[in-house]
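Biologist: I would like to learn how to read a model of this kind, feature by feature. Please show me the structure, and then I will ask.

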Amino acid sequence: MAVFDWSSRFETGIEPADEHHKKLVGMLNDLGDLMLAPQQNREDLQCLFSALFDYARQHFDDEEQLMADYGLDSRHTDAHRKEHAEFVHELELMTQTHSADPHSDFEILYRYLVSWFSFHILGTDHAMARQILRIRSGISAEAALEQELSSSGQGRPALQDALFDLYEAVTAQNRQLHARNKVLENQVSVHCQALETANNKLFEEQQILQAINQQLEQVQTQILKSEKMASIGQLAASVAHEINNPIGFVNSNLGTLKIYLERLFDVLGAYACIEKLIPPGTELAALQSAKQTAELNFLQRDVVDLLTESREGLERVKTIVQDLKDFSRTAEAEWRETDLNHDLDCTLNVIWNEIKFKANIVKDYGDIPRINCIASQISQVFMNLIINASHAIEDFGTITLRTQRQNNLVMVEVTDTGKGMPLEVQSRIFEPFFTTKPAGKGTGLGLSLSYDIIQKHGGHIEVSSAPGEGTSFKVWLPLERKSEPQ
Ligand SMILES: Nc1ncnc2c1ncn2[C@@H]1O[C@H](COP(=O)(O)OP(=O)(O)OP(=O)(O)O)[C@@H](O)[C@H]1O
Ligand SMILES: [Mg+2]
């Protein structure tokens with residue numbers, strides 16, 4: 001490491017200049033010591049360097065003032081000032097490099113400082129000092145410079161010029177390096193920006209893909225659910241069909257049985273008429289005891305009731321089977337005219353087992369016209385709404401089904417006296433997979449599917465609910481077909 005060894009040859013004989021130079025040399029040597037320390041602290045080094053630059057700048061100002069005070073020839077002062085200014089500029093560039101690059105080498109900077117100060121003090125400052133001394137002895141500034149130029153001899157100015165050239169070449173190279181560095185920095189930042197843009201784009205595309213994926217999953221679940229409904233429908237239809245045949249012959253047998261029994265009772269009546277003709281004795285007693293044991297009178301009355309009840313029961317089975325057949329037409333995604341009051345009844349019968357222990361059903365059906373729709377899908381909506389209503393009722397409540405015509409729309413309302421919904425639940429109920437039911441009980445698809453079905457029919461659903469009071473869903477459907485559900 002080059003150490004600045006102060007000696008008398010650096011002294012100019014001008015006191016303020018010498019004091020400043022000594023102080024600068026002292027600071028340079030402190031820097032040298034710090035750089036030789038086994039563990040360099042970059043922050044300390046940076047601090048000392050900037051203190052040195054500040055001091056150097058101050059010194060240059062003072063020195064320039066000194067030259068002005070003595071009125072030195074402008075040829076010298078201009079060149080001297082230019083050297084100061086170039087040095088300051090050089091230092092600024094180097095400082096920028098050092099603060100931008102944490103791995104930059106301080107030693108080069110340090111060596112540059114030592115050489116520059118040695119060269120400057122021994123050359124330019126000494127020339128200044130000699131001129132000041134001459135001016136002090138009464139010589140004009142111009143003559144002082146002339147003497148300076150002629151006393152430097154032949155070799156010295158040439159050597160100085162050569163050194164200046166070298167110094168300028170080094171400076172020019174330094175600037176070129178600095179400029180190239182800047183270009184590189186710019187290029188890196190442009191590349192970084194391009195990379196960042198590409199990265200952002202990738203991220204956005206990933207988000208879009210994720211959203212599409214989610215939509216696909218939803219569609220897949222919807223398809224699964226409607227396929228499930230369709231196969232349940234087909235199963236129900238075939239079961240209903242199978243039940244129809246036995247119902248038919250049981251019904252007809254019951255009819256025949258009634259006729260046969262009537263005939264038997266007629267015969268028994270005839271026998272009862274001749275019973276009086278039997279003389280009292282063992283036969284008559286046996287006959288009366290047999291009639292008593294068989295409770296013939298009761299049998300005669302009850303058998304009629306039994307037959308009537310059986311026929312009524314069978315009628316109910318027939319209605320349920322018919323409803324099941326109507327409801328189970330889920331495989332038929334066809335537009336047709338349908339009576340929504342009748343469809344509501346069918347739906348209700350199909351899910352009756354689930355509802356009967358939870359609610360009284362109040363029907364308030366209006367005189368509504370048949371509407372054009374895909375009845376199987378609309379029934380699915382009714383089923384979702386009625387089952388949701390029964391789930392919302394904790395113990396036992398009421399579900400009211402109301403239908404009404406308003407202009408060219410038909411309204412079907414399902415109202416329950418269940419637990420109702422807070423606003424934050426209400427705002428999410430049509431989202432696919434939103435459910436407040438425990439795992440396994442709800443998939444959260446009922447209302448989202450219903451919403452889609454009604455929308456595709458050109459209608460809409462309204463909900464109003466109050467926690468603790470109940471909920472009402474209104475489905476509005478146009479009388480005429482508006483658009484094609486998929
Ligand atoms: N009548 C209602 N009263 C109170 N809350 C309701 C009512 N209807 C729906 N909800 C709320 O809306 C949520 C979503 O209903 P949706 O029918 O879409 O799904 P789910 O009934 O939870 O499950 P899934 O119908 O798929 O079996 C329900 O979990 C419930 O919190
Ligand atoms: Mg539901």
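Biologist: In which helix is Glu315 found?

Modeller: First, the conventions. This is a predicted model, in which local features need pLDDT of at least 70 and side-chain atom pairs count only at pLDDT 80 or more, while totals for chains, interfaces and linings use all residues. Residues are numbered from 1 along each chain as its sequence is written, and chains are lettered from A and ligands numbered from 1 in the order in which they are written. Helices (H or I, at least four residues) and strands (E, at least two) are DSSP runs, numbered from the N terminus. Glu315 is found in helix H8.

Biologist: Is Glu315 buried or exposed?

Modeller: A residue is buried if 20 or more other C-beta atoms lie within 10 Å of its own, exposed if 12 or fewer, and partly exposed in between, with C-beta atoms placed from the backbone. Glu315 has 12 other C-beta atoms within 10 Å, so it is exposed. Thr319 also lies in helix H8; because it has 13 other C-beta atoms within 10 Å, Thr319 is partly exposed.

Biologist: How do I read the overall form, for instance from the radius of gyration of the protein chain?

Modeller: Start with the inventory: the protein chain has 13 helices and seven strands. Its radius of gyration is 55 Å, well over the 23 Å that the globule rule gives for 486 residues, so the chain is more spread out than a compact globule. The radius is taken over C-alpha atoms, and the rule is 2.2 Å times the number of residues to the power 0.38. Along the principal axes, the C-alpha atoms fill a box of roughly 185 × 50 × 40 Å. Of the 486 residues, 19% count as buried.

Biologist: Among contacts between residues at least 6 apart in sequence, what percentage join residues at least 24 apart?

Modeller: Two residues are in contact if their C-beta atoms, placed from the backbone, lie within 7 Å. In the protein chain the figure is 75%.

Biologist: Which residues touch the most other members of the largest nonpolar core?

Modeller: A nonpolar core is a set of buried Ala, Val, Leu, Ile, Met, Phe, Trp, Tyr and Cys residues joined through C-beta atoms within 7 Å. The largest one has 29 residues, of which Val381, Phe382, Leu385, Ile386, Val414 and Val475 touch the most other members. The elements that each supply at least two residues of this core include helix H11 (375–392), strand E5 (409–416) and strand E7 (470–478). H11 gives the largest share, nine residues. A second, separate core has 14 residues, including Phe49, Leu52, Phe87 and Leu109.

Biologist: What does Leu385 touch?

Modeller: Leaving out residues up to four places away in sequence, Leu385 touches Val414, Ser450 and Phe473.

Biologist: Which residues come nearest to ligand 1?

Modeller: A residue is near a molecule if its C-beta atom, placed from the backbone, lies within 6 Å of it. There are 22 residues around ligand 1, and Ala392, Thr435, Gly442, Gly446 and Leu447 come nearest. H11 gives the most to this shell, with four residues. The shell divides into eight nonpolar, 12 polar and two charged residues. In this count Ala, Val, Leu, Ile, Met, Phe, Trp, Tyr, Cys and Pro are nonpolar, Asp, Glu, Lys and Arg are charged, and the others, Gly among them, are polar.

Biologist: Which residues of helix H5 are buried?

Modeller: An α-helix has 3.6 residues a turn, so residues three or four places apart point the same way. In H5 (residues 141–151) the buried residues are Ala141, Ala144 and Leu145. They cover an arc of only 95° around the axis, which puts them on the same side of H5; the arc is that of the directions from the helix axis to the C-beta atoms. Glu142, Ser150 and Ser151 are exposed on the other side.

Biologist: Where is Glu295 found?

Modeller: Glu295 is in the loop between helix H7 (282–294) and helix H8 (296–327). Its phi is positive, about 50°, although Glu295 is not a glycine. Glu295 counts as exposed because it has 11 C-beta neighbours inside 10 Å.
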